[in-house]
Amino acid sequence: MSRHLVIVLLWSAVLAWSPAAHSYSRASGISFSTLTATLSGYSQTWKDPWDADYYVDCVFWAWDDVYGYQCMAIQTQINYAHVFADLNSPAGLHQTTAATDFTNAVAGYSAVATMDGTWSGQGRHYVISDFYYQWCPYNFCTPPLYTGSMWFDIGTSEDQVLVTLPVIISMKISRHDTTSLSMGEALGILGMATELLQTDDNDGDTACSVLFLPIADIDPFSESGPEGVVNDQPEMAAVMAVPGLVQVVNGIEWCNGPPHIPGATITGCGNSQGITVRRWTPTAEGVVWAHEYGHNQGLSVLPGTHNPNSGFLMNQTINEGQRRVTASECNAFLNPI
Ligand SMILES: [Zn+2]
């Protein structure tokens, strides 16, 4: 008897098999760093290990006199986790990122906060099913042919954070053309100054919500005495007149005069015109810059008015342990002139 194939029937409904929503999990998280004024967050869709990754369905049966029912065509469905991570400001959608992964889709973001208020990270979670069709006469299947995708909505997730922006103090920085200072180093110094002011170190300290940021590039200048050292009043006046708030030099031998303590090193000089600093031990440069900015804002400018207490930023002797500011000193930072 010749093999006689009779195509009779049984188009099984070409329907997607819905992935079980309970087999997928979802989450969102958001946080705010006052040290960088940055919002960070993520949304994630992931699949439980025991959930099916794919599903194979015969979509076309035929009757064979010899072999009985034969599957002539199969549809394969492959499932992926997908997520949109929306960052919402108090005014509305701020940005969206997205990710797709076979088992664990994570979309993250990092953005500078632009306003006070409640920001939220919202995840929109989906399973995406890709469909492939294969024609399989007598069990010899053609290569899979992609025929389309379906999206299954498995809900949302949300997390919130209350943002209170620090007072941003923008500094244009210049350096003597013989002085080495990269933007990375400047960011490190300003980060240190920000951290010591924001942190409440107790014992009379005030958490002072400021954020120092650089503006534009670090431009070189040629004013100063030989080898980038400031030796006297005219040289200091010339350096202070360089455009920008911060001038970085190789040495300072004169501020309002020679060093008050004979033999001491002057690490910085600040007045209403600006701030001149020298490179100093890496752990104390943030203190130097914040201290001189305090002078620039009118703190302890008269002779003998430095804060007499050690451990305070506006104490005259600079070291890395000077991290505290009084409430009124903080006020000068929070309300720049
Ligand atoms: Zn000082």
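Of the 337 residues of the protein chain, 31% count as buried; a residue is buried if 20 or more other C-beta atoms lie within 10 Å of its own, exposed if 12 or fewer, and partly exposed in between, with C-beta atoms placed from the backbone. The model is predicted: local features need pLDDT of at least 70, side-chain atom pairs count only at pLDDT 80 or more, and totals for chains, interfaces and linings use all residues. Residues are numbered from 1 along each chain as its sequence is written.

**Overall form.** The C-alpha atoms of the protein chain fill a box of roughly 115 × 40 × 30 Å, taken along the principal axes. The radius of gyration of the protein chain is 33 Å, whereas a compact globule of 337 residues would have one near 20 Å. That radius is taken over C-alpha atoms, and the globule rule is 2.2 Å times the number of residues to the power 0.38. The domain assignment gives domain 1 (5-163) and domain 2 (167-334), with bounds that come from an automatic or database domain assignment. The centres of domain 1 and domain 2, taken over C-alpha atoms, are separated by 54 Å.

The protein chain has four helices and 16 strands. Helices (H or I, at least four residues) and strands (E, at least two) are DSSP runs, numbered from the N terminus. Of the contacts in the protein chain with a separation of 6 or more, 64% are between residues 24 or more positions apart; two residues are in contact if their C-beta atoms, placed from the backbone, lie within 7 Å.

**Strands 10 and 11.** Strand 10 (residues 167-176) and strand 11 (residues 210-221) run parallel and are joined by nine bridges. Two strands pair if DSSP finds at least two bridges between them. Ser170 has Leu213 in strand 11 as its bridge partner. Between strand 10 and strand 11 the chain passes through helix 1 (residues 183-198), in a right-handed β-α-β crossover. Right-handed here means that, with the strands pointing away from the viewer, the path from the first strand over the helix to the second runs clockwise.

**Helix 3.** Twelve of the twelve residues of helix 3 are buried, so this helix is largely enclosed by the rest of the structure. Among the buried residues are Trp289, His291, Tyr293 and His295. Their cover includes helix 1, strand 15 (268-271), strand 16 (274-278) and helix 4 (327-334). The twelve residues of helix 3 (residues 285-296) should span 16 Å at 1.5 Å a residue, and the end C-alpha atoms are 16 Å apart, which agrees. The expected span is 1.5 Å times one less than the number of residues. Just after helix 3, Gly298 takes a positive phi of about 95°.

Most residues other than glycine have a negative phi. Asp203 and Ser224 are listed below with their positive values.

**A residue in strand 9.** Leu162 is found in strand 9 (residues 145-163). With 10 other C-beta atoms within 10 Å, Leu162 is exposed. Leu162 and Trp119 are 43 residues apart in sequence, and their C-alpha atoms are 6.3 Å apart in space.
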